[in-house]
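Open the model in a viewer and keep the sequence at hand.

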Amino acid sequence: MVDVAIKKVSERDGKDRFVLINATTREVVTVNDVSEATIRRYFGDQGASEALLTDCLKKARKNYGEPTAKASVPANDAQETMGDDDLLFELGLGEDD
């Protein structure tokens with residue numbers, strides 16, 4: 001298991017978009033950016049509390065726009081219509097991650 005952090009990378013259609021990054025190396029570990037709802041659903045399914053997720057997302061929003069090493073993150077212009085079964089794929093994680 002990799003320790004990850006949530007990073008806000010953009011805003012699209014009035015909604016924030018996030019990626020997961022390796023907390024140690026700061027490398028992006030997701031394939032595409034995702035919505036807050038996707039982050040909450042995934043980590044909620046993993047047992048994370050709402051308070052923890054709210055705190056992490058608050059920090060990600062606070063740090064948005066601060067100068068850091070830029071990571072290349074592909075934009076996903078598709079609507080979020082994936083089912084729960086595709087959640088790991090959407091996050092760019094395999095079943096073993």
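Leaving aside its neighbours within four places in sequence, which residues is phenylalanine 43 in contact with? Select Val4, Leu20, Ala48 and Leu53; contact here means heavy atoms within 4.5 Å.

The model is predicted: local features need pLDDT of at least 70, side-chain atom pairs count only at pLDDT 80 or more, and totals for chains, interfaces and linings use all residues. Residues are numbered from 1 along each chain as its sequence is written, and side-chain values use heavy atoms, with hydrogens and water left out.

Next, select helix H2 (50–63); helices (H or I, at least four residues) and strands (E, at least two) are DSSP runs, numbered from the N terminus. Its buried residues include Leu53, Leu57 and Ala60. Buried means under 20% relative accessible area, exposed over 50%, partly exposed in between (1.4 Å probe, protein chains only). Look down the axis of H2: the buried residues fall within an arc of 55 degrees, so they line one face; the arc is taken from the directions from the helix axis to the C-beta atoms. On the face turned away, find exposed Ala51, Lys58 and Lys62. Strand E1 (4–12), E2 and H1 are among what covers the buried side.

Now show arginine 17 and aspartate 33, whose side chains meet in a salt bridge (3.3 Å, N to O). The term requires a side-chain nitrogen of Lys or Arg within 4 Å of a carboxyl oxygen of Asp or Glu. Both residues are buried.

Last, select glutamate 36 and arginine 61, a salt bridge with its closest N and O atoms 2.4 Å apart. This pair links helix H1 to helix H2, 25 residues apart.
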